[in-house]
Amino acid sequence: IKSEFNLGAVPSRFNGSMFYYDYSDQVFTSILSVEQALDFNSGVSVDPEDVAPGALVVSFSYNAADSEIYGAQLDGRFEFSNNINVNWSALWLEAYILDAQEVQDFRFQADVAPDEAVFRSIDGKRLPHTPRFQFNASFSQFIATRLGSFDYVFSVGWRDRQYLTIFNSEDFSQPNDPRGRLDDSVSAYWTFDAGAGFTSSNEKLRVEAFVNNLEDEVATAAVIITQFDNTRFFTRPRTSGIRLKYFF
């Protein structure tokens with residue numbers, strides 16, 4: 001649905017959509033030792049003495065699973081007087097693995113923990129990087145004067161809890177006392193950004209100031225879990241600056 005209408009005296013917009021995706025043989029990529037990759041590819045255990053040392057790892061892609069993704073997306077806009085605008089969008093997302101071959105637990109190294117670097121079921125797991133709910137909104141205004149125009153924007157975003165690997169933080173060997181190294185979850189978090197600008201009346205000069213991530217909220221964006229490490233890559237911290245543009 002796409003619609004534009006007046007909410008009282010306020011011009012408004014409302015869009016909505018629903019979606020459904022049915023994946024077959026979805027591709028995943030894991031960091032595996034050479035021995036694990038050969039085990040995975042052949043389905044037969046490989047003699048470690050016939051391959052490279054277990055410390056040597058490769059990026060291994062494979063058709064692992066059938067999965068299902070569905071949800072709904074909404075967005076809208078309100079145009080208030082004095083050139084004030086409010087934009088918003090919301091997303092509901094479900095994303096699950098329905099039917100998968102068992103996947104070797106790449107969080108363990110075959111030559112170090114052979115009893116744990118084994119094939120595990122990932123049926124029913126949530127797909128990585130798929131927060132169930134997301135929300136974004138912005139408040140902006142444009143102000144015209146004899147000297148030029150001023151504008152500003154304030155935006156907010158929210159991301160629900162999510163997982164970063166196909167194992168969803170599960171510790172198969174110690175389900176009641178999961179090891180922290182296996183944690184691939186990211187807690188829900190907010191982000192706030194702001195910006196302001198001035199454009200001269202002849203449109204030759206433009207000055208902008210911005211602050212991204214006002215709350216200095218740093219969240220995990222990606223993770224690599226190996227036998228000994230939980231290596232995390234983070235979103236950018238608070239960033240601010242000024243831009244100056246002049247058109248000759």
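A charge is said to sit over a ring if NZ of Lys or CZ of Arg is within 6 Å of the ring centre and within 35 degrees of the ring normal. In this predicted model, arginine 126 meets that description, lying over the face of tyrosine 96 at 5.3 Å from the ring centre. A further example is arginine 181, whose charged end sits over the ring of phenylalanine 108, 5.0 Å from its centre.

In one of them, phenylalanine 106 and phenylalanine 167 are tilted, with 5.0 Å from centre to centre and 55° between the planes. Phenylalanine 106 belongs to the loop between strands E5 and E6, and phenylalanine 167 to the loop between strands E9 and E10, so the pair ties together parts that are 61 residues apart in sequence. Phenylalanine 167 has 0% relative accessibility and therefore counts as buried; phenylalanine 106, at 14%, is buried as well.

Tryptophan 158 and tryptophan 190 form a tilted pair, because their planes stand at 45° and their ring centres are 6.1 Å apart. Tryptophan 158 is in strand E8 and tryptophan 190 in strand E11, 32 residues apart. Together with Phe154 and Phe192, these two tryptophans make up one aromatic cluster.

Phe154 also contributes to a nonpolar patch on the surface, alongside Phe139, Ile143, Phe150, Tyr152 and Leu214; the patch has about 460 Å² of accessible area together. Strands E7 and E8 each give two or more residues to this patch, and E8 gives the most, with three. Isoleucine 143, found in strand E7, has a relative accessible area of 34% and is therefore partly exposed.

Notes: Residues numbered from 1 in each chain as written. Predicted model: local features only at pLDDT ≥ 70, side-chain atom pairs only at ≥ 80, totals over all residues. Heavy atoms only, no water. Patch = residues over 30% accessible without salt bridge, like charges linked within 9 Å, V, L, I, M, F, W, Y side chains within 5 Å. Areas by Shrake-Rupley, 256 points an atom, 1.4 Å probe, with all protein chains shown as cover. Salt bridge = Lys/Arg side-chain N within 4 Å of Asp/Glu carboxyl O. Helix = DSSP H or I, 4+ residues; strand = E, 2+ residues; numbered from the N terminus. Buried < 20%, exposed > 50% of the residue type's maximum accessible area, 1.4 Å probe, protein only. Phe/Tyr/Trp six-rings, centres within 6.5 Å; stacked < 30°, edge-to-face > 60°.
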